[in-house]
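This briefing summarises the protein shown below. Please keep the sequence and the structure in view while reading the points that follow.

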Amino acid sequence: LTLVLDNYPQESSWRLLDASGIILESGGTYGNLSDGSTVNADFCLPEGCYDFVMRDSYGDGLCCSYGRGSYMLTDGDGNVLASGARFGTSETTNFCLGGGSEPTCSDGIQNGDETGIDCGGSCPDPCNTCSDGIQNGDETGIDCGGSCPDACPTCFDGIQNGDETGIDCGGSCPNTCPTCFDGIQNGDETGIDCGGSCPNACNTCSDGIQNGDETGIDCGGSCPDACNTCSDGIQNGDETGIDCGGSCPDACNTCSDGIQNGDETGIDCGGSCPDACPTCFDGVQNGDETGIDCGGPCLPCEGDGSCNFTIIDENNFESGWGIWNDGGSDCRRSANDRNYAIGFYCIRLRDNSSSSVTTTDDLNLASYDQLKVDFSYLPLSMDNLHEDFFLEISTNGGNSYSIVEEWNRGDEFENNQRYYESVEINGPFTSSTRLRFRCDASGNSDWVYIDEVVISGCSENTNIASPFTPNTAPQIISFQSPVEGANHQTMNDLKLYPNPVSDQLTVTFDVLDAGPITLSVMDLSGKLIEVRQIQGVVGRQQTMVNTSNLHTGFYFLQLKTAQQRLSRKFVVTH
């Protein structure tokens with residue numbers, strides 16, 4: 001026996017039975033072998049008749065969708081007793097061994113000089129190809145035409161062939177070909193299945209196409225509706241913008257279209273636009289900058305006590321736990337949670353036991369003044385209001401923990417929604433600092449899935465006064481809710497959409513106190529991507545951020561006044 005396995009060796013097995021149905025030899029399955037491996041087996045049999053059974057547990061045989069496997073059973077003289085490759089769940093072949101003198105014309109196998117199974121060659125019966133379900137010999141179709149008694153019909157084969165003028169119609173076929181119901185404009189039709197000899201006249205005013213004497217899509221000319229170009233989403237006619245300007249009732253506002261046009265000196269800024277263009281990337285010290293492209297509304301100049309974050313560790317858990325550790329039975333990293341992960345893996349926490357945690361190794365963070373923890377989470381089946389989870393910190397190697405931030409169902413989140421969080425923690429820290437996520441739910445069917453955890457540190461801010469001593473609760477800045485720099489609120493209700501975003505991010509917020517507002521966009525490392533000034537007018541305000549040139553990843557948008565700062569995280573995808 002020579003057996004060539006397909007790409008699923010664990011599905012293949014075989015048996016050799018005698019005439020009484022007793023299994024004499026068998027093999028498989030072969031899950032321990034590589035895909036495409038060859039298996040050889042030799043055995044001796046006395047004269048008699050046998051059944052060889054080849055099996056595939058999945059039901060797709062050995063060939064050819066998932067590999068090109070096959071099997072062949074031969075005797076000592078090289079005669080093929082059984083062979084195959086394409087079959088379903090199993091294939092059984094009967095053969096007899098009788099010293100080579102028995103006839104082969106009744107064994108159900110094409111062997112000897114047969115030209116078919118038990119026919120042709122020295123067998124008394126010639127092979128009839130007209131009933132084998134295959135187009136062969138001089139057949140012009142399957143078991144028809146040529147020397148077969150039946151002529152091949154073409155009028156019922158679902159193909160336009162012969163002298164047919166359509167599929168199974170026209171020419172010598174009994175059915176004439178209708179063109180008025182085929183969904184094609186053909187024959188003398190003046191439209192799709194209408195006009196000419198078709199019973200239906202063509203109405204071009206409702207076909208969604210500009211045709212005939214129409215001056216627009218299904219309008220103008222002989223159509224009853226006049227064309228309104230001011231609401232078609234296209235800049236046409238005498239419009240100076242999309243559906244605006246010229247004879248349209250609305251004047252064009254170029255200050256929010258994401259394009260530098262008109263008298264703008266930048267994208268949607270300068271000239272007659274209300275927003276001045278940022279100068280923070282022109283290589284010149286101008287405006288109220290205290291250095292070249294820094295100071296004032298720009299990125300703080302070197303040496304002014306600013307704190308620039310650098311990434312300490314980032315983990316999407318695709319290749320392992322990294323610095324994070326499995327807390328026990330109520331914590332896991334499994335591909336079974338791929339429906340709740342951004343990739344294939346994430347960390348699942350449940351219940352409120354001592355094992356409902358994932359904790360970092362001891363981290364030497366003594367040189368950092370601030371930490372920033374960015375992560376994504378998706379809660380599921382947190383069935384009680386205010387079921388929650390925590391981010392906690394320990395500066396003594398895990399002997400005690402302080403709560404950094406808490407997320408409650410009904411306050412910070414609802415089930416079945418993905419959230420992105422950024423939490424800032426003020427130091428000081430130690431050489432044995434640990435962070436951990438802890439679930440505080442009511443049972444094993446309450447889950448939160450943690451993913452894309454990025455820990456960043458800031459070690460350049462020498463002017464930050466630590467608001468606490470080691471082992472006390474840190475000061476938290478959460479980007480999920482407003483961050484106030486003073487008791488006086490000048491803004492609220494900051495929203496970003498769509499999020500994730502591809503090309504253009506819409507920013508809306510309420511202005512409570514009129515005045516200048518600085519809008520900044522930063523990446524995860526704290527690098528400033530964009531900064532511009534907005535004149536805040538009391539009421540609901542909207543502005544746009546062009547994200548088409550940003551790389552895929554996480555970013556922060558910040559609005560800042562002299563009294564307050566609001567920040568939100570957004571994700572760019574392309």
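The protein has zero helices and 30 strands; helices (H or I, at least four residues) and strands (E, at least two) are DSSP runs, numbered from the N terminus. This is a predicted model, in which local features need pLDDT of at least 70 and side-chain atom pairs count only at pLDDT 80 or more, while totals for chains, interfaces and linings use all residues. Residues are numbered from 1 along each chain as its sequence is written, and side-chain values use heavy atoms, with hydrogens and water left out.

**Whole protein**
- Of the 574 residues, 41% count as buried (under 20% relative accessible area, with a 1.4 Å probe and protein chains only).
- Among contacts (heavy atoms within 4.5 Å) with a separation of 6 or more, 57% join residues 24 or more positions apart.

- Five strands, in the order S12-S15-S20-S17-S18, form an open sheet with antiparallel pairing; two strands pair if DSSP finds at least two bridges between them.
- Strand S12 (324-326) and strand S18 (402-408) each have a single partner strand, so one side of each is left without a neighbour in the sheet.
- Strand S17 (residues 388-394) pairs with strand S20 (residues 434-440) in the antiparallel sense over seven bridges, and Asp388 has Asp440 in S20 as its bridge partner.

**Arg409**
- Arg409 is located in the loop between S18 and strand S19 (419-426).
- Not counting residues up to four places away in sequence, Arg409 touches several residues, including Met382, Asp383, His386 and Glu414.
- A polar atom of the Arg409 side chain lies 3.1 Å from the backbone oxygen of Met382.

Conventions:
A polar contact is a pair of N or O atoms within 3.5 Å; within protein, one must be able to donate a hydrogen and the other to accept it, and residues adjacent in sequence count only if both atoms are side-chain atoms. Buried means under 20% relative accessible area, exposed over 50%, partly exposed in between (1.4 Å probe, protein chains only).
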